[in-house]
Amino acid sequence: MTTEVTSAPFDVGDDGSFVDGLVIFDGATLSVRAGDARADWHLADLDEIAVENHVVGGSLVVKSGVEHELLARFTARHAAPMGYLARLASHTIERSRDPESDAPAPSRPPDEEKSCPICGRPYPSPERPVCNFCLDKRSVFIRVLSFLNDQRRTVFVVLSLMIVAALFKLAPPFLGGRILFDETLVPGGRFYGRVGLIVLLMVASQAASIGASIVYGRLNTMVAVGVVFSLKRKIFEAMQRLSMSFFSKKQTGGLLTRVNYDTTFLQYFFHDGIPYLVVNGVQIIAIGIVMFLLDWRLSLLVLIPTPVMVYITSRLFPRIRQLYSRQYRRQSILTGLVNDVFTGTRVVKAFGNESQEISRFEPRNDGVYRAVVDTGTLQSVLFPSLFALMSVGTVLIWAVGGYWILAGSISFGTLMSFLGYLGLIYGPLQFMTAVVDWWSSSMNSAQRIFEVLDAVPEVRERADPVRIPSMRGDIEFRNVRFAYEVNNPVIHGISLGIMEGEMIGLVGRTGAGKSTITNLMTRLYDADEGEILIDGIPIKDLSVSDLRSQIAIVLQETYLFAGSVAENIAYGRDDASREEIVQAARAAFAHDFITSLPEGYDTVIGREGHDLSGGERQRIAIARAVLRDPRILILDEATASMDSETEQNIQAALERLIEGRTVIAIAHRLSTLRKANRLFVIEHGRIAESGTHDELMAIDEGVYRGLVEKQREALEVIGVGE
Ligand code: ATP
Ligand code: MG
């Protein structure tokens with residue numbers, strides 16, 4: 001009997017409200033506590049303890065006889081510990097009934113952090129362990145800047161030119177105000193009468209400023225585009241590295257949005273954000289200093305409306321930020337839908353479902369529309385009012401400055417210069433108020449990109465993997481359990497051994513878990529419990545590239561990449577020569593149809609090219625497998641899309657291919673598995689029967705026999721017979 005004490009929190013009350021509850025299991029008693037309420041259940045009185053999955057979250061139920069009792073309801077974030085608790089309790093019941101039972105104890109799920117360790121708020125989505133409140137935008141920004149490392153020299157030149165341009169811009173107001181009015185137009189002034197010279201100097205400094213900004217603008221475009229180019233490459237590489245589960249968890253549309261939208265957003269930020277942040281920052285500081293030097297009293301007047309502006313900005317900007325993130329979320333949903341429809345166009349058209357798709361599209365598009373309008377409305381009120389407030393400062397200067405000139409306390413030229421600088425500083429100031437928001441959403445984009453870059457593949461290779469450049473092809477499953485989704489197991493403890501060179505058939509109803517077994521073998525997913533060994537070595541210890549290069553899979557649905565026929569056959573073996581490719585195609589009975597294509601082996605297929613039939617694709621897939629010369633071959637419904645003549649050819653090709661390899665064949669047409677040495681019948685993720693065709697047929701009421709008979713009847717009905 002186990003003495004381990006385990007507990008799992010739950011958070012949904014009887015009426016659906018939030019509760020803070022805990023289920024504790026101490027090996028003999030299940031104790032449910034919420035607030036002051038407490039209920040105990042003795043294991044001895046119970047038959048089964050299970051977790052039932054709902055659309056969102058699930059519930060813990062106990063069964064005794066026909067009685068069914070609900071103990072606790074919880075949201076998805078508590079699903080893993082609750083599932084473990086239920087499995088542990090069930091295991092304990094099983095052991096107490098049958099002490100001889102050798103069912104292994106369930107293993108504890110890893111403690112995943114589902115809430116922010118800093119503020120304790122649950123993460124907005126369990127797949128995205130990022131807390132929007134505590135996201136350290138500054139460190140994200142520093143990391144974003146690190147992208148500039150490769151181009152340090154160019155960045156330095158750009159920055160210097162920016163400062164030069166900003167400083168040259170400072171000259172015209174001074175020349176056109178103080179110097180022109182006080183020193184040039186007034187008799188006795190230092191430059192009296194030399195209007196041409198002053199105007200020339202103004203033009204020259206303006207030209208220098210513009211010249212410098214043209215040069216840094218060009219360099220800067222190169223920097224921004226270069227950064228985004230390498231960023232996109234990094235994201236693409238990261239996505240190749242990630243495991244299947246990453247892609248099945250995230251909507252592909254969401255990922256597409258992420259790569260396109262976020263990188264484009266960052267590109268703008270690099271191109272128009274960072275540089276103008278620097279230019280405007282330098283300008284604001286420099287102009288501020290010059291204004292104070294010109295007349296500090298006037299400068300203080302300009303600042304009068306500032307507190308009001310700061311107040312408004314701090315009140316309304318969070319709202320704008322909220323609206324922006326709503327806009328982003330809706331946009332992402334819309335992209336997901338459009339992407340779905342594009343990739344499924346054939347199905348949509350074939351089912352005449354265009355109008356339904358349009359009606360699915362309408363409300364989402366409308367949602368985006370409204371989000372954009374809301375953001376725009378707020379902005380169109382906010383920015384003009386800020387601008388109006390700023391002009392209050394200007395009006396004050398005109399008024400006070402005018403009186404001061406009359407009183408003789410400042411010169412006319414000083415006021416003119418001052419107003420010139422005031423005009424210059426408003427632009428950058430406005431930019432700065434807008435950039436705060438921009439900065440914040442850019443950092444959100446950057447953060448999302450970093451999540452992809454930093455995502456740790458769930459299927460990981462050991463640091464010092466065992467290399468087996470040539471495997472024999474023995475396979476062993478030891479009590480393997482696996483679930484795609486928490487608490488929804490698909491494989492329930494499968495143990496089997498396959499010997500080198502053996503051909504095994506996996507049969508069973510659709511959804512039984514046959515393809516899943518092969519997915520586990522190639523480590524597309526890792527088993528949750530138990531072990532899979534190849535040549536006696538756990539596959540988790542093997543080098544992933546050695547493992548995958550020696551296992552070939554031929555699926556029913558063959559994915560062909562945009563490229564030539566030859567490239568598609570050589571996929572995964574770039575070094576293959578044309579002779580080898582042709583040989584493989586011949587072995588797969590594909591040579592004849594390939595040579596009849598417009599450009600033979602160089603015909604481009606896939607996206608825009610020549611479209612092939614199912615049987616033709618299949619033979620290309622077989623040629624691909626032949627070329628790989630794998631030790632282990634997996635045929636998942638490999639002969640399903642063929643007419644009978646082609647099928648005979650394919651059978652012959654496969655027989656040649658099977659020779660001397662370990663083969664796992666999955667087929668619904670049981671007749672295609674006659675050559676198999678042994679068959680495993682899979683039912684609901686378990687092995688129901690195993691043995692040769694004859695052995696299985698000899699079992700009365702056997703599952704396999706049932707399947708064979710049903711298939712024979714079906715074939716007779718449609719007049720095929722076998
Ligand atoms: P078929 O004969 O129809 O190919 P199969 O025996 O190969 O069926 P599997 O593909 O192994 O069945 O699927 C087993 C179960 O796992 C099914 O219930 C299926 O819905 C589920 N499943 C398969 N792939 C995923 C996935 N990526 N995420 C969640 N569940 C999945
Ligand atoms: Mg399958």
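Guide: A quick definition to start: helices (H or I, at least four residues) and strands (E, at least two) are DSSP runs, numbered from the N terminus. The model is predicted, and local features need pLDDT of at least 70, side-chain atom pairs count only at pLDDT 80 or more, and totals for chains, interfaces and linings use all residues. Residues are numbered from 1 along each chain as its sequence is written, chains are lettered from A and ligands numbered from 1 in the order in which they are written, and side-chain values use heavy atoms, leaving out hydrogens and water.

Visitor: Thanks! Which element gives the largest share of the shell around ligand 1?

Guide: That is helix 12, with 3 residues.

Visitor: And how many residues surround ligand 1?

Guide: There are 13, and the closest are T510, G511, K514, S515 and T516. To be near, a residue needs one of its heavy atoms within 4 Å of the ligand.

Visitor: How much of the accessible area of ligand 1 does the protein cover?

Guide: Of the 630 Å² that ligand 1 has on its own, the protein covers 62%; areas come from the Shrake-Rupley method with a 1.4 Å probe, and for residues only the protein chains shown count as cover.

Visitor: New topic. How many residues has helix 1, and how far does it reach?

Guide: Helix 1 (residues 79–97) has 19 residues and reaches 27 Å from first C-alpha to last, close to the 27 Å expected at 1.5 Å a residue. That expected span is 1.5 Å times one less than the number of residues.

Visitor: Which of the residues of helix 1 are buried?

Guide: Among them are M82, Y84, L85, L88 and I93. Buried means under 20% relative accessible area, exposed over 50%, and partly exposed in between (1.4 Å probe, protein chains only). The cover over the buried residues of helix 1 includes strand 1 (6–12), strand 2 (18–25) and strand 7 (67–74).

Visitor: Is R77 buried or partly exposed?

Guide: R77 sits in the loop between strand 7 and helix 1, and it counts as partly exposed because its relative accessibility is 32%.

Visitor: What about T603, buried or exposed?

Guide: T603 has 4% relative accessibility, so it counts as buried. Its polar side-chain atoms include one 3.0 Å from the backbone nitrogen of E599 and one 2.7 Å from the backbone oxygen of G600.

Visitor: Last one: what is N220 in contact with?

Guide: Leaving aside neighbours within four places in sequence, N220 contacts V158, F270, H271 and P275, where contact means heavy atoms within 4.5 Å. N220 belongs to helix 4 (residues 195–241).

Technical notes
Polar contact = N/O pair within 3.5 Å; in protein donor to acceptor, adjacent residues only side chain to side chain.
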